[in-house]
Amino acid sequence: MSRDLGLRRLNRLRRWNRSVLVAVSATAVSLTASGCVVVHGEREVLPAATRAEAAKALEEFTAAYNAADKAYDSSLDAEHTTGALADIDGARLKAGRANSPEGNPRHAPLELTDAKFTIVEKAGWPRWFVADAAGNKGGAARWLLVFTRDGLDEPWEVAYLTLVAPDDVPEFKTDENGWAEAVPANSTDVAVPPAELSKGYASFLKDGGKTFADGPHTSAWRALRAKRAERPGLVTQYIDEPMTNGDYAPLALRTEDGGALVFFTTRHFEKQTAAAGASVPTPNKDVLALTDGEITQSLTMEFVSNEVALDPADGPVQVLGRIQGLTSAKGE
């Protein structure tokens with residue numbers, strides 16, 4: 001190639017690059033002027049959603065949840081649940097369909113009203129926010145739902161759903177625009193780093209300790225387990241495991257007092273073994289629908305549980321709410 005020909009091609013390439021740059025710049029200006037700005041979600045600190053988008057996500061979840069519950073069909077809300085809630089809800093619907101293939105004869109639509117949205121401003125994925133609503137089920141408890149998504153093209157999914165007494169819902173720290181602050185999983189300015197709460201809770205259920213405050217989901221649950229283990233002719237064993245990866249990762253909001261409200265997940269196994277000549281108590285039809293194998297001498301049940309806890313700057317962690325569901329069982 002001659003030197004002149006090479007220079008001409010180089011000049012054409014430079015002119016083409018300038019044209020592309022101008023076109024891209026013009027597009028960016030146009031998008032900015034129209035209020036639509038494309039940003040890199042993995043780098044920009046942004047609110048997870050607008051309040052209107054959060055309200056729409058709650059509306060769509062409720063509609064899908066009701067449709068799935070009415071038909072006992074997990075495919076109807078599969079795109080709106082993930083993590084612990086997907087495990088719990090999916091197993092519940094599977095058992096319901098096995099026992100009532102025509103649908104749920106006791107279906108009553110869930111209604112969520114008086115919704116308040118705490119929307120996190122952060123960089124990176126997942127983006128997430130918390131909906132706090134009154135429900136027509138669960139008495140006076142507030143329904144706390146954590147919505148997450150992993151990209152702009154992904155749907156909003158509920159990873160955590162817990163019920164909490166109204167007075168237990170804390171005040172959250174927000175900026176001048178009302179956006180909330182996420183607490184990093186490895187944060188050391190709270191009593192227990194959020195990433196360690198699941199493991200800590202599993203250890204507490206086994207061995208006790210002072211990490212968690214007394215309450216129905218801590219000391220009272222341990223006492224109930226101990227009582228069940230003492231039944232004559234039946235040995236009951238418990239194994240508790242943390243769940244911390246992927247859609248089961250803990251999510252934490254900064255509270256106004258400097259602590260955090262943390263949502264986290266655990267897995268629990270309960271094995272009942274009958275003594276010689278005795279039998280395991282017959283489980284209900286929903287348990288049987290999720291049981292593989294024949295129950296002769298033992299029954300092992302697997303549960304997934306999602307918890308919400310107040311993790312203070314100092315002092316014991318208080319578990320405010322817990323929803324647990326059977327996900328599978330095995331008879332032997």
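A pocket, in this briefing, is an open set of grid points with protein on both sides within 12 Å along at least five of seven lines. With that in hand, welcome to this predicted model. The protein has 6 helices and 12 strands, and 41% of its 332 residues count as buried. Among contacts between residues at least 6 apart in sequence, 67% join residues at least 24 apart.

**The largest pocket**

- The largest pocket holds about 660 Å³ of space.
- Its lining is made of 30 residues, and Ile-88, Ala-91, Arg-92, Asp-286 and Gly-325 are the ones nearest the centre.
- Two or more lining residues come from each of helix 2 (51–71), helix 3 (83–99), strand 6 (157–164), helix 6 (285–289), strand 11 (298–311) and strand 12 (318–331).
- Helix 3 gives the largest share of this lining, with 8 residues.
- Sorted by class, the lining of the largest pocket has 18 nonpolar, 5 polar and 7 charged residues.

**The second largest pocket**

- The second largest pocket has about 320 Å³ of space.
- It is lined by 21 residues, and nearest its centre you will find Pro-126, Trp-128, Ala-249, Pro-250 and Leu-251.
- Strand 5 (142–149), strand 6 and strand 8 (251–254) each bring at least two residues to this lining, and the largest share, 3 residues, is from strand 6.
- By class, the lining of the second largest pocket has 13 nonpolar, 3 polar and 5 charged residues.
- Pro-126 sits in the loop between strand 3 (121–122) and strand 4.

**The nonpolar cores**

- In soluble globular proteins, nonpolar side chains tend to be buried together.
- The largest nonpolar core here has 22 residues, and Phe-61, Phe-129, Leu-145 and Phe-147 have the most contacts inside it.
- Helix 2, strand 2 (112–119), strand 4 (127–135), strand 5 and strand 6 each supply at least two residues of this core, with the largest share, 5 residues, coming from helix 2.
- Leaving aside residues up to four places away in sequence, Phe-61 touches His-80, Thr-81, Leu-85, Leu-145, Phe-147, Val-158 and Leu-161.
- Another core, of 17 residues, lies apart from the largest one, and its members include Ala-159, Val-164, Phe-263 and Val-308.

- Ser-198 is part of helix 4 (residues 194–207), and it counts as buried because its relative accessibility is 2%, under the 20% cut-off.
- The side chain of Ser-198 reaches the backbone oxygen of Thr-265 at 2.6 Å.
- Not counting residues up to four places away in sequence, Ser-198 touches Pro-242, Met-243, Thr-244, Phe-264, Thr-265 and Thr-266.
- Asn-306 belongs to strand 11 and, at 1% relative accessibility, counts as buried.
- The side chain of Asn-306 reaches the backbone nitrogen of Leu-161 at 2.9 Å.
- Beyond residues up to four places away in sequence, Asn-306 touches several others, including Ala-84, Ile-88, Tyr-160, Phe-264, Gly-321 and Ile-323.

- Arg-222 is found in helix 5 (residues 219–228) and is partly exposed, with a relative accessible area of 28%.
- Arg-222 and Leu-205 are 17 residues apart in sequence, yet their C-alpha atoms are 6.1 Å apart in space.
- A polar atom of the Arg-222 side chain lies 3.3 Å from the backbone oxygen of Lys-206.
- Once residues up to four places away in sequence are set aside, Arg-222 touches Phe-204, Leu-205, Lys-206, Asp-207 and Gly-208.

**Two residues with positive phi**

- Tyr-72 is not a glycine, although it has a positive phi of about 50°.
- You can find Tyr-72 in the loop between helix 2 and helix 3, and it counts as buried at 9% relative accessibility.
- Asp-114, another residue other than glycine, has a positive phi near 50°.
- Asp-114 lies in strand 2 and counts as partly exposed, at 48% relative accessibility.

Definitions and conventions: Residues numbered from 1 in each chain as written. Predicted model: local features only at pLDDT ≥ 70, side-chain atom pairs only at ≥ 80, totals over all residues. Heavy atoms only, no water. 1 Å grid on protein atoms, 1.4 Å probe; cavity = no way out; pocket = protein on both sides within 12 Å on 5 of 7 lines; lining within 4 Å. Points joined across faces, edges and corners; volume = space filled by probe spheres on them. Helix = DSSP H or I, 4+ residues; strand = E, 2+ residues; numbered from the N terminus. Nonpolar A, V, L, I, M, F, W, Y, C, P; charged D, E, K, R; others polar. Buried < 20%, exposed > 50% of the residue type's maximum accessible area, 1.4 Å probe, protein only. Polar contact = N/O pair within 3.5 Å; in protein donor to acceptor, adjacent residues only side chain to side chain. Contact = heavy atoms within 4.5 Å. Core = buried A, V, L, I, M, F, W, Y, C linked by side-chain atoms within 4.5 Å.
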